[in-house]
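Colleague: I am learning to read structures and would like to go through one with you, step by step. Could we begin with a single side chain and then move on to helices and strands?

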Amino acid sequence: RQIINNELRSLVIYRNLLDDEIIQNLIDIFDILNDPENSFFEECVSLYSDLCSKLFEKEISLSDYILDLILYDENIFSKQCSKVGFVNVKKNLRDAAFHDLDILFSLCALSAKDLKDEIRISFPKEKDFVSGLCEYAITDILYDKEAVGEFYEKNSFGVFAKYRAFLFNSDKSLKPVSNLDDIKLSDLKLYEAQREKVIHNTLCLLEGTPCCNVLLYGDRGTGKSSTVKAVLNEYSSKGLRMVQLVKDNIMLLPDLMERLGEIPLKFIIFVDDLTFNENDYNFGAMKTVLEGSLNKQPSNIAIYVTTNRRHLIKETFSSREGDEIHRADTIDDTISLSERFGLTITFSIPNKDNYLEIVRQIAEDRNLPVEREELFKGAERFALLKNGRTPRVAKQYVDSVESNLKLSAGVK
């Protein structure tokens, strides 16, 4: 008992784990069991029950829980493995990490039965009561210290290993996106030429060759944002991550790039549906970041922006006419931002035939038993209700058809 607690308190590389609530529960339990007076039975039972409750609530075994803590911990070992590769980590650092991992792996094997046996030994008069306590689960895992280092090398460290996408908040914090849209490239229909340009640019980013900041321009519902999200899902296993930035936080873009530039992964900074009003201070900030700042954009970052406006700024006729002496310079300034993107990709509204082809392909993917003529007639009626034909409208229509079919099948 005392050995377990002493070993846990001797953690060096994984010392952050001592602050975890479940690890602390185990430490507190063994502190009570090591008490020669054996006078804290009620507290010991409460701690043990609290431990079980937390594991049941998280729907995880103790082994898997501790392994998750290990894999997603941000420490000097995980950072170095991610940065220089596991085999290149200095021996003294690797040895210290392996010492900690031996301790933590032994804790993973601590079954509820073993822990209850220890409690019965300390409180023999309560052995019948202790026997009736519920038990948490453990998982039979083949523990491999080198595999942990290789995991860091492949997946990076901390929150960047656990999540693929993040939101950058006004307080400069990164909030993980736990329920990411699972759209795939194969879900997107037509627009192959546009997608190929985005894919090629993303592969250049991943391979460390020169890539562009990208402006995806076009009408609403044509698949601009879906394309960006699908690219993330396709290549996250190759080290691609995404951080979404809202327009109001564009002033913080230099801080975000400085932070991401130090992380050995590739990042898309995603700004969705971007437009500016006249005299918007964010307009100048965005221009400076794209081209004009003294700081060079990190090579592991590309900025992908979607917009419905080719030149990103809302203008009025009066602003076009204006009363400035150098009116042409003012107009040039409003279009200069879009020109600072190395790659501009246009998504146009599909014509009728292309719209119906998108409907057909989506319905075919889902194996919907609907005659083509009936499907197309319904798609046209649906488009009239939605005031336009777009890939988004096509998907919404097929969703409604599928729902009606399932409801009809349920009634029968």
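Modeller: Let us begin with Asn-300, whose side chain reaches the backbone oxygen of Ile-263 at 3.1 Å, and please keep in mind that this is a predicted model.

Colleague: Where does Asn-300 lie, and is Asn-300 buried or exposed?

Modeller: Asn-300 lies in the loop between α14 (281–290) and β6 (301–307). Buried means under 20% relative accessible area, so Asn-300, at 7% relative accessibility, counts as buried. Leaving aside neighbours within four places in sequence, its contacts include Leu-205, Leu-260, Gly-261 and Phe-267.

Colleague: How should I read a helix such as α18?

Modeller: An α-helix has 3.6 residues a turn, so residues three or four places apart point the same way. In α18, the buried residues are Leu-375, Gly-378, Ala-379, Glu-380, Phe-382 and Ala-383. For the length, the 15 residues of α18 (residues 372–386) should span 21 Å at 1.5 Å a residue, and because the end C-alpha atoms are 21 Å apart, the two values agree. After α18 comes Asn-387, which has a positive phi, near 60°.

Colleague: Which strands does β3 pair with?

Modeller: Strand β3 (residues 214–218) runs parallel to β6, joined by four bridges, and also parallel to strand β7 (residues 343–347), joined by five bridges. On the β6 side, Tyr-217 has Thr-307 as its bridge partner, while Leu-215 stands opposite Thr-344 in β7. Strand β3 is mostly covered, with four of its five residues buried.

Definitions and conventions: Residues are numbered from 1 along each chain as its sequence is written. This is a predicted model: local features need pLDDT of at least 70, side-chain atom pairs count only at pLDDT 80 or more; totals for chains, interfaces and linings use all residues. Side-chain values use heavy atoms; hydrogens and water are left out. Helices (H or I, at least four residues) and strands (E, at least two) are DSSP runs, numbered from the N terminus. Buried means under 20% relative accessible area, exposed over 50%, partly exposed in between (1.4 Å probe, protein chains only). A polar contact is a pair of N or O atoms within 3.5 Å; within protein, one must be able to donate a hydrogen and the other to accept it, and residues adjacent in sequence count only if both atoms are side-chain atoms. Contact means heavy atoms within 4.5 Å. The expected span of a helix is 1.5 Å times one less than its number of residues. Two strands pair if DSSP finds at least two bridges between them.
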